[in-house]
Amino acid sequence: MSFDVASPLALLLLPLALAPLFFSALRPSSISSVAVAPRDALSSLVAWTLRVAAILAIAASALAVAGPFREGRAIVRYGEGAEISILIDRSASMNETFAGRTPAGGDESKASAAKRIMSDFVARRAHDLFGVTAFSTSPILVMPMTDHRDAVRAAIGAIDRPGLGYTNIGRGLAMALSQFPAGGEVESRVILLVSDGAAVIDPRIQDQLRADFRKIKPNLYWLFLRTQGSKGLSDKPGADELDTPQALPERHLDLFFKSLGVGYRAFEAEGPAAVAEAIGEIDRLERRPFRYAERIPRKDLTDETLLVAAFATSLLVAAKFAETSLKQSARADAPRARARRLA
């Protein structure tokens, strides 16, 4: 760990912390000499405790003015599982049910089913690193790669919000790839695409994606939330259909994924039960030991130094209130002494 201050010039106040070694804030005694009194260990302890408290109060106050902080750092962690970049389709069609209708009554939209099952998936993966990206017209970095489960589940919990109409999967894949940190074990990297298809990738972006996939080498899983009655990934074009990405986007997207040269598998799901089964299969496939670096942000320590200063100052204030004047004590005892003599 490395410590630093925001205002180094304020550290010039630190020598003032030595003042309690030469001066005391307590009232001086009017007695000419206390050398004849026996040495009192308790009094010496109290005196040095108050000196140390005064030193701490001044030093901590000077540090608080300087603005101390602990610098950010990277911590290497080890786990068993994978670095999983979850890429979620947020186009308008995800708000429909698997039957292609607007949810009504107890119906569940494709996005809601995916949210529920993906949350359970994250909860089961205790040692994985997760990042969450959503895409429709443009990609959105919902959660950077982290092992904090509550944050990941909260990110997944927002995927059933109303989406937009266009599906720009190319830019979504590019952002999902950028989630992976530099270094690490390449065989433990996974992109989990959750989408209902109907996406076309521009040929120029395809070339860039191929290069990025060859460099990062993640395993790619496509959880295809297929609307009932729609074309499947392996369906060939009919006699009156063109075999083009615009006519059969899901088929050509599947062919593009197969051409990337990485581990790829597609799961076609036509209902919540099929989605859960596919996620369970991915859960079984991706369990490997891996290493990753977690970035810890800078932490401001001003509050901690102020607490030390406040505690030390409170001891000094208590000592000041407990201070007694010998002259005042003598005047207070005089009436009682006269009363004893008269008695």
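How do β5 and strand β6 (residues 139-146) pair, in the parallel or the antiparallel sense, and over how many bridges? They pair in the antiparallel sense, over 5 bridges. Here, two strands pair if DSSP finds at least two bridges between them. Helices (H or I, at least four residues) and strands (E, at least two) are DSSP runs, numbered from the N terminus.

Before you click on: this is a predicted model, where local features need pLDDT of at least 70 and side-chain atom pairs count only at pLDDT 80 or more, while totals for chains, interfaces and linings use all residues. Residues are numbered from 1 along each chain as its sequence is written, and side-chain values use heavy atoms, with hydrogens and water left out.

**Stop 1: the whole protein**

Colour by secondary structure and you'll get 9 helices and 11 strands. Buried residues make up 39% of the 343 residues; buried means under 20% relative accessible area, exposed over 50%, and partly exposed in between (1.4 Å probe, protein chains only). Contact means heavy atoms within 4.5 Å. Among contacts between residues at least 6 apart in sequence, 82% join residues at least 24 apart.

**Stop 2: the sheet of six**

Select β6, β5, β4, β7, β8 and β9, in that order: they form an open sheet of 6 strands with mixed pairing. β6 and β9 are the edge strands, each pairing on one side only. From one strand to the next, the twist averages 15°. (Axes are lines fitted to C-alpha atoms, for helices over the stretch in contact, and angles run from 0 to 180 degrees between N-to-C directions.)

Zoom in on the β6 end. β5 and β6 form a hairpin with 3 residues between them, and Ala134 has Ile140 in β6 as its bridge partner. On to β4 and β5, which pair in the parallel sense over 7 bridges. Pick Glu83 there and you'll find Leu129 of β5 opposite.

Stay in β4 and click Ser85. Is Ser85 buried or exposed? It counts as buried, at 0% relative accessibility. Leaving aside neighbours within four places in sequence, Ser85 is in contact with Gly131, Met145, Ala176, Gln179, Phe180, Val190, Ile191 and Leu192.

**Stop 3: the helices around it**

Show α7 next: it lies across β7, β8 and β9, running at about 160° to β9.

Then select helix α2 (residues 110-124) and helix α3 (residues 149-156), whose axes come within 9 Å and cross at roughly 170°. That makes α2 roughly antiparallel to α3; angles over 145 degrees count as roughly antiparallel, under 35 as roughly parallel, 65 to 115 as roughly perpendicular and the rest as oblique.

Now helix α6 (residues 249-258). It is largely enclosed by the rest of the structure, because 8 of its 10 residues are buried. Those are Pro249, Glu250, Arg251, His252, Leu253, Asp254, Phe256 and Phe257. They pack against α4 (169-178), β7, α5 (203-216), β8 and β9.

**Stop 4: the cores**

A nonpolar core is a set of buried Ala, Val, Leu, Ile, Met, Phe, Trp, Tyr and Cys residues joined through side-chain atoms within 4.5 Å. The largest one has 32 residues, and those with the most contacts inside it are Leu192, Leu223, Leu225 and Ile279. α2 gives the most to this core, with 7 residues. Apart from it lies another core, of 26 residues, among them Leu173, Ala199, Phe213 and Val262.

Click Leu223: beyond neighbours within four places in sequence, its contacts are Leu193, Val194, Ser195, Phe267, Ala269, Val275, Ala278 and Ile279.

**Stop 5: the sheet of three**

Last, an open sheet of 3 strands, in the order β1-β2-β11, with antiparallel pairing. β1 (3-5) and β11 (299-300) stand at the edges, each with a single partner strand, so one side of each is left without a neighbour in the sheet. β1 and strand β2 (residues 68-70) pair over 3 bridges, and Val5 stands opposite Pro68 in β2.
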